[in-house]
Amino acid sequence: MLKPERYRHFVEYFSKHQPNPVTELHYSNPFELLVAVILSAQCTDKRINQVTPALLKQFPRPAALAASTPDEVFNYIRSVSYPNNKAKHLVGMAKMLVEIFNGEVPSDLNDLQKLPGVGRKTANVIASVVFDLPAIAVDTHVFRVANRIGLTTNARTPLAVEKQLTEFLPKHTLGVAHHWLILHGRYICVARSPKCEICPISWFCKYYERNHTEAALLKAEAVKAKKTKDAKKKKQLNTISKELKKRSVDKDI
Ligand code: SF4
């Protein structure tokens with residue numbers, strides 16, 4: 001199957017079955033989402049949703065967070081990964097929002113990336129989810145799943161994946177495609193053992209095509225048969241060699 005066809009099936013399938021996917025992070029305004037996304041690096045959304053209510057109750061706006069200290073913030077986020085760094089980032093981010101951006105979350109990708117704790121991925125999430133801009137954030141799920149399905153070719157970095165997805169996906173689907181890939185990666189196309197047997201998109205997945213088609217299975221069988229044959233041959237040679245050694249010893253005696 002050619003790449004454009006895969007893209008067409010991908011968009012058609014998910015548009016029909018998940019027309020309105022949303023982030024699993026809880027938030028009610030841009031600032032809250034920014035806080036949640038910064039915290040979510042290398043951590044589960046479930047864990048972040050457990051800590052943000054108390055954190056945001058204490059620091060509901062950028063000014064309140066900017067007036068706090070990393071030590072204070074640490075107490076609210078100690079159960080997430082890298083709490084020390086994230087506490088510093090949150091306070092630094094809030095200070096910059098207050099001092100440079102008038103207390104508002106900026107929509108520009110470059111401005112967003114100036115904020116402490118905000119890299120390209122986080123900036124793309126905010127641009128897409130909050131401001132509805134055509135941006136796609138590439139996290140570990142997006143990176144893996146896009147590659148497995150065959151939406152990307154030889155893309156070895158998140159930026160390369162982002163560029164290829166941006167080139168081939170219809171502009172209006174960029175934001176939702178991020179959620180489609182994340183959710184699919186989180187629940188079906190999981191990292192270690194993708195659940196291909198129950199995957200509804202296996203019929204256009206490149207990974208599945210390579211590993212589960214009749215030709216691929218026959219090839220795997222042939223490799224297995226050859227290994228068995230080689231092992232048998234090796235065993236026979238070992239037996240003959242042992243026998244010869246034994247005879248030579250018997251002769252010497
Ligand atoms: S068929 Fe397997 S590898 Fe392909 S998308 Fe589905 S779960 Fe992932």
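Mentor: We begin with the domains, whose bounds come from an automatic or database domain assignment. The C-alpha centres of domain 1 and domain 2 lie 27 Å apart. That assignment gives domain 1 as 3-18 + 138-198, domain 2 as 30-129 and domain 3 as 213-253. Please note that this is a predicted model, in which local features need pLDDT of at least 70 and side-chain atom pairs count only at pLDDT 80 or more, while totals for chains, interfaces and linings use all residues. Residues are numbered from 1 along each chain as its sequence is written.

Trainee: How should I read burial in a helix, and which residues of α2 are buried?

Mentor: Helices are DSSP runs of H or I with at least four residues, numbered from the N terminus. A residue is buried if 20 or more other C-beta atoms lie within 10 Å of its own, exposed if 12 or fewer, and partly exposed in between, with C-beta atoms placed from the backbone. In α2 (residues 30-40), nine of the 11 residues are buried: F31, L33, L34, V35, A36, V37, I38, L39 and S40.

Trainee: What covers the buried residues of α2?

Mentor: The cover includes α3 (45-58), α4 (62-66), α5 (70-77), α6 (83-100) and α8 (120-129). After α2 comes Q42, with a positive phi near 60 degrees.

Trainee: Where does α3 have a kink?

Mentor: A bend at a residue is the angle between axes fitted to the seven residues ending there and the seven starting there. In α3 the kink is about 35 degrees and lies at T52, shortly before the proline P53. The buried residues of α3 are I48, T52, L55 and L56, and they pack against α2 and α5.

Trainee: Is C43 buried or partly exposed?

Mentor: C43 counts as partly exposed because it has 17 C-beta neighbours inside 10 Å. This cysteine lies in the loop between α2 and α3.

Trainee: With which residues is C43 in contact, leaving aside its neighbours within four places in sequence?

Mentor: Two residues are in contact if their C-beta atoms, placed from the backbone, lie within 7 Å. For C43 these are I48, V80 and S81. C43 and Y82 are 39 residues apart in sequence and 9.1 Å apart in space, C-alpha to C-alpha.

Trainee: Which helices each supply at least two residues of the shell around the ligand?

Mentor: They are α9 (140-149) and α12 (206-212).
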